[in-house]
Amino acid sequence: MELVNLSGMRRAGRSAAATLANAARILRPGLATAAIDRLVRTDTKRRGGRPSQLGYHGFPASVCVSRNHVVCHGIPKDSEILEDGDIVNIDVTTELDGWNGDCSATFFVGRPSPEATHVVDVARRCRDVGIAAVQPGATIGDIAAVIMELAASEGCSIVEEYGGHGIGRKMHQPPSVMYVGERGDGMVLRPGMAITIEPMINLGSSTVRVLDDGWTVVTADGQLSAQFEHTVVVTEEGAVVTTRGPVSAGGTAGRRSGRRRR
């Protein structure tokens, strides 16, 4: 696994976080998800970056937009319209000066149901406890264990087929960072490594399926799924989050966007 340049990763991460924040600001009932893709393309270019997802293994968009029961890899469309009560995950990855920053957050559109509020809150907290477990000498299994314990205590499940990944010069690289495991298992983390912490949390069963487009992953039972993501660099002192921003740092703006205007 490559060791990264922290300053380069920070620049890319801050750019991705700023684009994510701008995408969050346009969310409203009646918005086509393709409008989010158009904003991400324009905003990323304006910041001197490139949307890392665009064309990745043929992915047709610059951002993943995953709504309600879509777990990940949702393709934005002009025909998909946000509705009051939706939750929507926006996943932005920016390549800037040869380094990548990858972040996502789940937002409320209009007024969320209690179930939506719960799964979004648990997903955010799962990401945060995972980040807290990142330190030199820790293992990927250590990260998985704390996330599993929190999700189970809140009556939610964790998607087992998809998880985080190494990141740096490439958007996706080893190791796989899965969120089902035991303490002490998996790769040992050392300074200079960069990974994403992005557990996908389901309100119901952990079982998922892929739609016919070959990309969109949905919950098998149709229940809600939520996700939050940060890019994290391991240092001697612990975890440095490179994608910290006004939205991706816990979803505060997601709650703000969920308030009704009066």
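Which residue in strand 10 stands opposite serine 157? In this predicted model, the position across from serine 157 is taken by asparagine 202 of strand 10. Strand 10 (residues 200-202) is joined to strand 6 by two bridges, and these strands run antiparallel. Both belong to an open sheet of three strands, ordered 6-10-13, in which the pairing is antiparallel. Strand 6 (157-158) and strand 13 (225-227) form the edges of the sheet, each pairing on one side only. Helix 3 (residues 114-132) packs on this sheet, where it touches strand 10 and strand 13. The direction of helix 3 makes about 150 degrees with that of strand 10.

A further antiparallel pairing links strand 9 to strand 14 (residues 230-235) through four bridges. Within this pairing, isoleucine 197 has histidine 230 of strand 14 as its bridge partner. In a regular strand, side chains alternate between the two faces of the sheet. In strand 9 (residues 194-197), Ala194 and Thr196 point one way, Ile195 and Ile197 point the other way, and all are buried.

Two packed helices are described by the angle and the distance between their axes. For helix 1 (residues 6-25) and helix 2 (residues 33-46), the axes come within 9 Å and cross at roughly 145 degrees. The crossing of helix 1 with helix 2 is right-handed. Helix 1 contributes Ala18, Thr19, Asn22 and Ala23 to the contact, while helix 2 supplies Ile36, Leu39, Val40, Asp43, Thr44 and Arg46. Classified by residue type, this contact comprises five nonpolar, three polar and two charged residues.

Definitions and conventions. Residues are numbered from 1 along each chain as its sequence is written. This is a predicted model: local features need pLDDT of at least 70, side-chain atom pairs count only at pLDDT 80 or more; totals for chains, interfaces and linings use all residues. Side-chain values use heavy atoms; hydrogens and water are left out. Axes are lines fitted to C-alpha atoms, for helices over the stretch in contact, and angles run from 0 to 180 degrees between N-to-C directions. A crossing is left-handed if the near helix is turned anticlockwise from the far one by less than a right angle, and right-handed if clockwise. Contact means heavy atoms within 4.5 Å. Ala, Val, Leu, Ile, Met, Phe, Trp, Tyr, Cys and Pro count as nonpolar, Asp, Glu, Lys and Arg as charged, and the others, Gly among them, as polar. Two strands pair if DSSP finds at least two bridges between them. Buried means under 20% relative accessible area, exposed over 50%, partly exposed in between (1.4 Å probe, protein chains only).
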